[in-house]
Amino acid sequence: MPSILYSTTCYIKNDLYRLRIYIDDQDEKSDIISSKNVQLRTDSLDITGTDIPFNRIKPDLTRLNFELLNDKKINNNIPNTIILNHLLNIQQTASISKKSNRNFSNSLQLQTLDVSDRNTDVKTIPIFEQSQDSSQTQLTSNNSKSGQFSFRRFFSSLSDSNSEAILLSKTTIKINYVDVSNSIRWNIKSLELEMDTEDVANELYSNLNLCLTTLIQRPHRLLAFVNPLSGKGRARPVYDKKVLPIFQEANITVDTIYTERANHAREYVINEILDNYDGIICVGGDGMFAELCHGLLLRTAHDEQININNPQVNIVRPKLRIGIIPAGSTDAVVFGTTGLNDPVTSALQIIVGESLSIDITTVHNENGFVRFMATMLAYGFFGDIIQQSDRWRCLGPLRYDLAGFCQFIRNTSYHSEVTLTLSPHKPTQILHPKTTTSSSSSNNSGITSSVASDSQKLINTSNLSLTDDSFKTKSTDTIDKIVTPVVAFCSRNCDLCADEEKHDPSKIHLPLQIKREGRYTTINCLNMPCRCAKSKYGMSPFVHLGDGSFDLILVKRSWRTGFLRFLWQVANDSRTIEDLPNVERYRVSEVLIRPINTGRKQAGNWSCDGELIHGNEIQIRVHRQALSLFASGIQFEEKQKAENIKISPTNFFPCFRNKDKKIFQESNSF
Ligand SMILES: Nc1ncnc2c1ncn2[C@@H]1O[C@H](COP(=O)(O)OP(=O)(O)OP(=O)(O)O)[C@@H](O)[C@H]1O
């Protein structure tokens with residue numbers, strides 16, 4: 001049963017409401033969130049405090065509930081509940097009510113408004129609006145749209161009002177809150193609550209502010225880095241006009257640095273004192289994020305005296321979180337962690353202290369540490385594009401398309417050896433023999449299993465022992481395809497990412513290593529789906545952000561039409577990409593890629609998070625949840641609704657399927 005902390009009545013748009021601040025019963029949390037009409041115990045209309053102290057308030061469990069007391073139809077613009085943590089700020093302003101058309105219920109003992117008070121109330125204007133920080137006071141009036149008080153405007157509005165029912169006092173509480181009714185795109189909304197007396201308004205105002213002080217997961221002081229060149233120069237206006245005002249509204253202090261050169265932010269984060277900050281904000285694209293990510297992780301590794309050059313070392317998660325305001329040209333990280341690249345949504349997720357820990361992979365070559373990888377590492381086609389487009393910088397963004405086209409015409413492939421360590425899974429989830437008709441099968445929970453029968457044999461016949469080197473590394477040319485068993489989107493509060501048991505070393509059942517060798521057009525490691533404007537689902541839609549694994553996609557040498565089909569599916573629907581005859585997808589925790597140069601043939605190029613890297617061989621190793629972001633993760637049911645993604649219970653992949661080496665469109669009906 002929820003515990004009510006506070007209860008009062010108020011008018012919202014001339015309708016009478018009962019406002020209650022209550023704490024959910026923790027066990028009932030999920031039910032209450034899902035139910036629109038929260039059942040609270042009936043209490044008196046007077047202000048009621050309970051014996052629950054404010055320091056026991058759980059921000060996600062404490063809510064404001066608005067119950068309409070008139071007989072009128074419920075106004076859909078008034079929320080039924082607002083989570084305490086979604087309040088941005090509370091203002092107390094003067095109220096000038098228009099002709100009263102309030103519909104008082106006879107059964108309610110309401111205080112009638114004393115008209116004789118009006119004159120005295122007029123004297124209270126202008127009022128001082130007190131922000132959450134008591135040291136900041138502002139002169140405001142609710143008549144003043146610009147926020148500047150104007151006596152002329154104030155008195156002219158008085159004469160416009162109907163004198164019969166004018167009430168002038170500090171009786172209006174304005175609540176600015178984060179509207180999450182569209183759980184993908186967040187917005188700011190406000191609600192004006194008109195209280196009966198100034199005393200009640202004062203009390204509600206101070207109670208709500210007291211509640212706000214309990215929100216410890218929220219940042220109070222942030223350091224923002226703005227790359228003025230990001231996204232063709234849109235980062236600065238986005239930050240100055242859209243984001244900074246929201247931070248100010250939420251009483252967050254932000255120190256801003258406009259970067260002057262590449263690596264400015266990275267050096268600052270590595271070298272300067274950051275103790276005063278609760279988080280770092282990156283305003284820009286994926287390149288800026290990579291800079292901050294490196295700065296923070298390298299600084300932490302240095303503080304913890306970790307030898308980052310050792311490929312087997314475990315990195316430590318920094319204490320500070322990074323918030324990303326998308327203003328770049330691709331914004332793959334933000335797409336992958338919030339579902340869209342909307343600066344306002346990202347700013348609001350930072351303000352309310354949403355937290356998401358993501359995997360980071362370390363990239364080493366034969367000489368030691370090279371880079372951290374947050375999104376994608378590529379060898380071959382995509383690395384060659386980066387290398388070529390770097391030479392054609394003068395062509396602007398067009399250079400990527402042009403370099404891509406040239407590379408496609410060349411259709412180069414590279415002889416390479418790939419040693420991969422499959423991500424460990426529970427025995428019950430693993431490896432069903434491949435059937436002749438379909439390469440994958442799915443159940444209702446969206447979990448699909450698929451594996452080559454040879455691999456099944458290999459596992460069944462092996463004397464499984466973690467110390468058995470012959471088992472640990474198997475060269476299996478016969479293995480055709482091994483597809484990860486779990487193909488569900490990584491979403492907000494993802495079960496797979498939260499599954500600690502899976503990451504318990506004592507529970508690892510199958511650290512299977514496999515060697516693959518052949519000619520590949522491209523070898524890609526994806527730590528995130530890499531959704532962006534050019535790829536609806538990203539190259540790897542089902543990779544999870546925090547489950548301690550990443551996806552390896554091998555694209556074997558083929559005719560240009562075969563590779564074009566791969567590119568087409570990456571752009572449009574990559575959910576079944578491994579069904580293409582030239583594509584293999586593995587879920588792995590570690591990969592070693594070794595190009596085999598056969599004399600005259602040149603090796604391909606490597607790119608990591610869009611930057612060129614070098615090495616004769618590259619080792620990639622995942623570090624589970626090594627970096628925390630201010631982000632919510634994606635509410636996938638909502639996203640599916642918004643994008644009209646159809647997922648049939650019996651067929652998780654309704655679009656394209658590989659059957660007898662042919663691609664064809666299936667009907668969604670079966
Ligand atoms: N003031 C600056 N002048 C030049 N380069 C900068 C400056 N600040 C940052 N950089 C560099 O610019 C590169 C690209 O920046 P960023 O990622 O923000 O923009 P983008 O390329 O438009 O977006 P995306 O990476 O999403 O495509 C980063 O690698 C960063 O190191």
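Which helices each supply at least two residues of the shell around the ligand? In this predicted model, they are helix H5 (230–233) and helix H8 (286–303).

**View 1. The shell around the ligand holds 22 residues.** Ser230, Gly284, Gly285, Gly287 and Gly328 are the closest of these residues to the ligand. Helix H8 gives four residues, the largest share of the shell. Helix H5 (230–233) also contributes at least two. By class, 13 shell residues are polar, five are charged and four are nonpolar.

**View 2. Residues 217–367 carry a domain annotation from UniProt.** The record, an unreviewed entry, gives this span as "domain: DAGKc".

**View 3. Domain 1 is in contact with domain 2.** The protein chain is divided into three parts: domain 1 comprises 3–178 + 186–212, domain 2 covers 221–354, and domain 3 covers 388–621. Where domain 1 meets domain 2, twelve residues of domain 1 are in contact with ten residues of domain 2. On the domain 1 side, strand S5 (87–96), strand S8 (168–179) and strand S9 (187–194) are the elements that give two or more residues. This side of domain 1 has seven polar, four nonpolar and one charged residues.

**View 4. Cysteine 530 has a positive phi.** The angle is about 65°, although cysteine 530 is not a glycine. Cysteine 530 sits in the loop that runs between strand S22 (513–526) and strand S23 (550–556). Is cysteine 530 buried or exposed? Cysteine 530 is buried, because 26 other C-beta atoms lie within 10 Å, and the cut-off for a buried residue is 20 or more.

**View 5. Glutamine 625 also has a positive phi.** For glutamine 625 the value is about 45°, and this residue is not a glycine. Glutamine 625 belongs to strand S27 (residues 618–629). Glutamine 625 counts as partly exposed because it has 18 C-beta neighbours inside 10 Å, a count in between the limits of 12 or fewer for exposed and 20 or more for buried.

Note on methods: Residues numbered from 1 in each chain as written. Predicted model: local features only at pLDDT ≥ 70, side-chain atom pairs only at ≥ 80, totals over all residues. Near = placed C-beta within 6 Å. Nonpolar A, V, L, I, M, F, W, Y, C, P; charged D, E, K, R; others polar. UniProt positions renumbered as here; feature names shortened; annotations may be inferred. Domains from an automatic or database assignment. Contact = placed C-beta atoms within 7 Å.
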